[in-house]
Amino acid sequence: MRKLLGMAALAAAFVAGPATAQTEIVVQYPIPDIFKEVHEEVAKQFMAANPTIKVKFLQPTKEYEDATQQVLRNAVTGQLPDVTYQGLNRQRILADRNIAQPLDGLIAAEKDWASKGYDGALLTLGQVKGKQYGMGFSLSTPIIYFNADLVKKAGGDPDNFPKTWEGIFALAKKINDPANKIAGFHFDWDITGNWMWQALVFSNGGTMLTPDEKKVAFDGPAGQKAINTLRLMMTDGGMRDVSQATALQDFVSGRLGIWAHSTSRLGGVTKQSQGVFPLRTATFPLGAGAESRLPAGGNVAMMLAKDPAKQKAAWEYIKFATGPVGATVMVKGTGYFPANALPAKDPKMLGDFYAQNPNHRVAIGQLPSMTAWYAFPGENGLKITDVIKDHLQSVVNGSGKPDEVLKKMAADTQALLPK
Amino acid sequence: MIDASPADNPGERRAAYALISPAWVMFVVLLAGPSLAVVVLSLTDWQLGAPTMNFIGFGNYEQLFADRVFWKSFGNTFVYCLVVVPGSVFLGLGLALLIEGAAFGRAFYRAAYFLPVTSTLIAMAVVWEFMLHPSVGLINIVLEQVGIKGGDWLKNPSRALFTLAGIGIWQSAGLNMVLFMAGLKAIPPDLYEAAEIDGASSVWERFRCVTWPMLGPATLFVTVVSGIRSFQVFDTVEVLTKGGPNKATEVLLYTMYTEAFNFFRTGYGAAITVVFLVVVLALTLLQVKAGEKRTHYS
């Protein structure tokens, strides 16, 4: 692969003739076990189409957390990459510290931007305080995965999967069979950045803070419903207090019936479940009708370059990677969906792919309820997510009563918000 | 005053400074400089990557001493030490005595018990993770055979810290064993003969009257080193529990790491580091002081 890439770059250089002032841009990205091949393929196609720009990758970081860490360290030593891919809820840190460059000027200078497929709702996912800092690359949303065999055996209908938590818990109870080491249900409540907690609150029509970001809002009716649902998962749904890794292993080996997780694993789980059990997906239960929202996960491309020539090259690359060609490569290689509306409409790009893969289509159906992965403001923003996680843990392991935990969680969060 | 001492001779003094300068440069660059930088950082509100930095005096320390997580972490670290230090010291001593007294296979046992020390703890933590898996892990399967329900070793808040301490003992007993063996080798055999003539005939009597007192300096050293090492516990926490469940295994270095590198509150993380340095320094001073008193033993 690497050799091929090198040859492609070499070939591109030859086509371009004697090195006509090539601009090199340095790109950093996280989670190579999902994204390595995708990024390398996108870069290959980009360099073939833009022979004057050379894309160089830094050693990818394992997680979103270290990707942010690396950029912050590089900001101190003055060795920033030109483009970085960051988790949606990490954009705020880089924007607040003036490390990332706003893209509004570049977008304004584009001709017929409206026809490029960047829909308004998807663009807002890359905005911090009204400015565009990130361009969505790969997006995910919480969905329900289920093992159609286990669901059928328990008397459920895979084509008519329950749309409410009560329905799911009732089904899970029938699947649950500890004697044969089969579990009914698991909800990965501890995904980074309180993502699944946000999903429970948003899907009931709530928000994390008040619109002015001064006061906690998750202690309202939506939050109460959310935290009670979390407790009911244990008491009614028979969920065990196990790690994400255990749940994933159990699900792909056919020992877990219903599993709530991000679409990001859909590609991998589809492959792993082949020949073991028929995999199906269903929409995340929405408790507030049209008011329901779901947090988007995934990552955006951000521009860090300050030099105008580099910025120009970086922008071309960002548009390519987040545009139809990059999105097509990305979707086929992962379970994420694109932040660009064009490829799904074109049968040659992703139209046919979605027609043939109904499991992937479920996420597309959730697009209208998509909202930003919320990042708490201020210097304690990331610490707050840890405080919330600890409180949720006490609901999951039954050591705290849901309504009392919610009160304490709200008070602790309030104390860490900027005064 | 006719005799000038060498220190008063300007040439010799210069030579002396020149000779110690490499050591001094290394000390300043590698130890004193960074430590001082950490102390200075701990007095600021700097966050990793932030463009500005303000001096806030002891603000971080005030916040630290009012922080429930910090005290939990501090307490956990001490509990961990109080289990691992005696556990690994006595296990190390026992192993050393048994192996020294063995008729055969000494080299094999020495190597076998020393293996955990030479292996990478991160990799070993992953192996432990498999062994401790609640349903398919080796430990619970073995316990099931004898009719004991093992439960979840790492997710049970009242048990997780002690599980990690068990791994800590396993990891450091080998090193203590080797240090004790060196101590045992240094005991002159005629002392045992003399003790026997004086009537110390049983194994226990000989241990109590000769071996144990003669091992005094070695025991002190082993205890302090084990204390400092277990105070630095980090790898197993990072790999196995991430300080959870609910901070049940949160330890000082892990808190420092999360504050400084996950929450990016660098100044606050530096304050935790200073607390950590003070404790380690106190342990080291304790060893030096107690060691001075015991010099007459050897």
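In chain A of this predicted model, four strands make up an open sheet of mixed pairing, in the order S8-S9-S7-S10. Strands (E, at least two residues) and helices (H or I, at least four) are DSSP runs, numbered from the N terminus, and two strands pair if DSSP finds at least two bridges between them. Strand S8 (183-187) and strand S10 (279-282) of chain A are the edge strands, each of which pairs on one side only. From one strand to the next, the twist averages 20°. Angles run from 0 to 180 degrees between N-to-C directions, and axes are lines fitted to C-alpha atoms, for helices over the stretch in contact. Strand S7 (residues 142-147) of chain A pairs with S10(A) over four bridges in the antiparallel sense; within S10(A), A:Arg280 stands opposite A:Phe146. Helix H11 (residues 244-252) of chain A packs on this sheet and touches S7, S8 and strand S9 (256-262) of chain A. The direction of H11(A) makes about 130° with that of S9(A).

A further open sheet of chain A has six strands with mixed pairing, in the order S2-S1-S3-S12-S6-S13. Its edge strands are strand S2 (53-57) and strand S13 (337-338) of chain A, each pairing on one side only. Strand S1 (residues 23-28) of chain A and S2(A) are paired in the parallel sense over five bridges. The bridge partner of A:Thr23 in S2(A) is A:Ile53.

Chain A is assigned domain 1 (2-140 + 296-365) and domain 2 (142-294 + 376-416), with bounds that come from an automatic or database domain assignment. The centres of the two domains of chain A, taken over C-alpha atoms, are separated by 30 Å. Their contact takes 15 residues from domain 1 of chain A and 17 residues from domain 2 of chain A, where two residues are in contact if their C-beta atoms, placed from the backbone, lie within 7 Å. On the side of domain 1 that touches domain 2, strand S12 (297-303) and helix H17 (358-365) of chain A are the elements that give two or more residues. H17(A) gives the most to that side, with five residues. By class, this side of domain 1 has four nonpolar, 10 polar and one charged residues. Ala, Val, Leu, Ile, Met, Phe, Trp, Tyr, Cys and Pro count as nonpolar, Asp, Glu, Lys and Arg as charged, and the others, Gly among them, as polar.

Between the chains, 17 residues of chain A are in contact with 16 residues of chain B. Helix H3 (64-77) and helix H18 (381-396) of chain A are the elements that give two or more residues to the chain A side. That side has five nonpolar, five polar and seven charged residues.

In chain B, helix H4 (residues 106-118) and helix H7 (residues 160-185) pack with their axes 7 Å apart, at an angle of about 120°. H4(B) and H7(B) are therefore oblique to each other; angles under 35 degrees count as roughly parallel, over 145 as roughly antiparallel, 65 to 115 as roughly perpendicular and the rest as oblique. The contact of H4(B) with H7(B) has 10 nonpolar, two polar and no charged residues. Residues in H4(B) including B:Tyr113 and B:Phe114 meet residues in H7(B), among them B:Trp170 and B:Met177.

Residues are numbered from 1 along each chain as its sequence is written, and chains are lettered from A and ligands numbered from 1 in the order in which they are written. Local features need pLDDT of at least 70 and side-chain atom pairs count only at pLDDT 80 or more, whereas totals for chains, interfaces and linings use all residues.
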